[in-house]
Amino acid sequence: MKSNFIEELRWRGMLQDMMPGTEEQLQKEMTAAYIGFDPTASSLHIGNLATIMLLKHFQLCGHKPIALVGGATGMIGDPSGKAAEREFLSEDTLRHNQECIKKQLEKFLDFTDIDNSAEVVNNYDWFKEFSFLGFLREAGKYLSVNYMMSKDSVKKRLETGISFTEFSYQLLQGYDFYWLYKNKNVRLQMGGSDQWGNITTGTEIIRRKEGGADEIEHKAYALTTPLVTKADGTKFGKSESGNVWLDPTMTTPYQFYQFWLNATDADCSRLLRVFTLLSKEEIEKLEADHAEAPHLRIMQKALAKDVTIRVHSEKDYDIAVKASEILFGKGTLEVLQGMSDADILAVFDGVPQTVITLAAFEASATVTDLVSVVTNAEIYPSKGEARRAIQGNALSINKTKIADPNHPATFDLLNGKYLLVGKGKKNHLIIVG
């Protein structure tokens with residue numbers, strides 16, 4: 001084993017609560033543990049990445065990780081942390097989301113033929129044959145309503161209202177643990193700290209169905225990690241445009257990279273511990289180097305590099321770095337020419353953009369016409385101002401300075417549709433379509 005799993009979590013600040021005996025169980029033998037992921041979207045986001053890292057460290061420490069994709073529980077919706085009941089998703093949408101999430105999980109864990117090979121399971125596989133009466137007999141009779149109402153996920157919703165459907169969610173999740181305990185020898189369920197009530201419901205069902213708390217062979221355990229928040233206490237994991245997704249079509253690698261690069265100094269130490277595989281010594285070295293030269297943003301760059309490469313790829317990371325250089329004036333035409341439409345639009349998201357027709361582009365005689373008349377004065381309000389800017393060496397097209405106001409407007413379009421206009425130190429994207 002690489003190290004003691006609990007000790008690994010402790011120094012990383014990733015341990016919130018655990019049931020007595022958990023650490024002893026993990027030191028005694030290779031143990032199977034699982035974390036559940038509900039398919040409420042076609043991609044996981046960086047909030048999920050924190051719990052994926054639990055499974056990753058668990059496997060690196062020699063134990064067996066199981067990721068449960070909640071095909072059944074996703075039909076209900078977990079009330080934990082929710083102010084209102086979520087809309088139900090169609091079965092087709094849920095199936096699509098399940099497949100997408102499975103592929104993402106397989107990127108982070110080792111599924112090769114090793115003793116502690118990772119597995120992905122779907123709780124719909126064991127719930128699909130259950131009748132309502134059968135489930136009440138199998139799970140419902142083992143928990144009192146008083147017990148279920150004592151859970152925070154329920155108590156917080158009693159004032160605003162909670163449906164029987166959501167109320168029963170903890171029974172479903174609890175039975176998942178029991179099924180995995182019986183069929184996959186799973187002894188531990190892990191998750192975010194908001195899942196403690198649901199997880200301990202599972203240990204209680206196991207205890208009551210399997211014969212009492214004193215029988216060591218019937219022990220099941222629970223462990224949670226703190227929810228990741230910013231240093232100021234606000235929620236972590238969202239950008240201005242919403243969730244930061246792991247799917248590159250939903251959050252481009254460039255946007256993903258920028259999210260981590262923009263982390264504050266106060267947040268970086270914790271984020272490096274939770275989201276990277278860097279060692280304690282490596283992180284402390286980064287902290288020391290950063291303290292000596294904060295302006296170099298050493299921690300942010302190391303964080304953004306590590307997470308972007310693991311979630312996407314080294315190639316995506318390289319493109320993101322080069323794209324960043326473009327915005328800060330160091331990029332070259334070759335970098336722009338190697339970027340996809342998605343990359344270009346992601347890089348220049350928030351940069352002023354003007355859409356013109358191909359006919360208008362082809363009809364513009366000079367660069368002065370192009371940046372003033374053809375773009376309806378969105379770049380320069382008049383030909384005179386455009387001419388003065390060009391003569392003052394303040395205009396570039398596709399990273400090349402233009403010195404002659406009468407320069408023909410015969411520029412190669414990036415990807416056949418884009419022109420990047422540099423107006424002083426600012427950028428403007430012309431989209432020709």
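**The nonpolar patch and other local features**

Tutor: Helix H6, residues 132-138, supplies the largest share of the nonpolar patch, three residues. Helices (H or I, at least four residues) and strands (E, at least two) are DSSP runs numbered from the N terminus. The model is predicted, so local features need pLDDT of at least 70 and side-chain atom pairs pLDDT 80 or more, whereas totals for chains, interfaces and linings use all residues. Residues are numbered from 1 along each chain as its sequence is written, and side-chain values use heavy atoms, without hydrogens or water.

The patch covers about 450 Å² and is made by Phe132, Leu133, Leu136 and Phe164. Patch residues have over 30% relative accessible area and no salt bridge; nonpolar side chains (Val, Leu, Ile, Met, Phe, Trp, Tyr) are joined within 5 Å, like charges within 9 Å. Areas are Shrake-Rupley values with a 1.4 Å probe, and for residues only the protein chains shown count as cover. Leu133 belongs to helix H6 and is exposed, at 60% relative accessible area (exposed is over 50%, buried under 20%, partly exposed in between; 1.4 Å probe, protein chains only).

In the loop between helix H20 (367-374) and helix H21 (383-391) lies Asn376. Asn376 is not a glycine, yet has a positive phi of about 55°. Most residues other than glycine have a negative phi. Asn376 is exposed, at 63% relative accessibility. Ala377, in the loop between H20 and H21, also has a positive phi, near 60°; Ala377 is partly exposed, at 32%.

Arg187 sits in strand E5, residues 186-192. Arg187 is buried and has no salt bridge, the nearest side chain of opposite charge being Glu29, 5.8 Å away. A salt bridge needs a Lys or Arg side-chain nitrogen within 4 Å of an Asp or Glu carboxyl oxygen; Lys and Arg count as positive, Asp and Glu as negative, and His and the chain ends are not counted.

Five strands form an open sheet with mixed pairing, in the order E9-E13-E12-E10-E11. Strands E9 (353-356) and E11 (400-401) are at the edges with a single partner strand each, so one side of each has no neighbour in the sheet. Strands pair if DSSP finds at least two bridges between them. E9 and E13 (residues 426-432) run parallel and are joined by four bridges, with Gln353 opposite Leu429 in E13.
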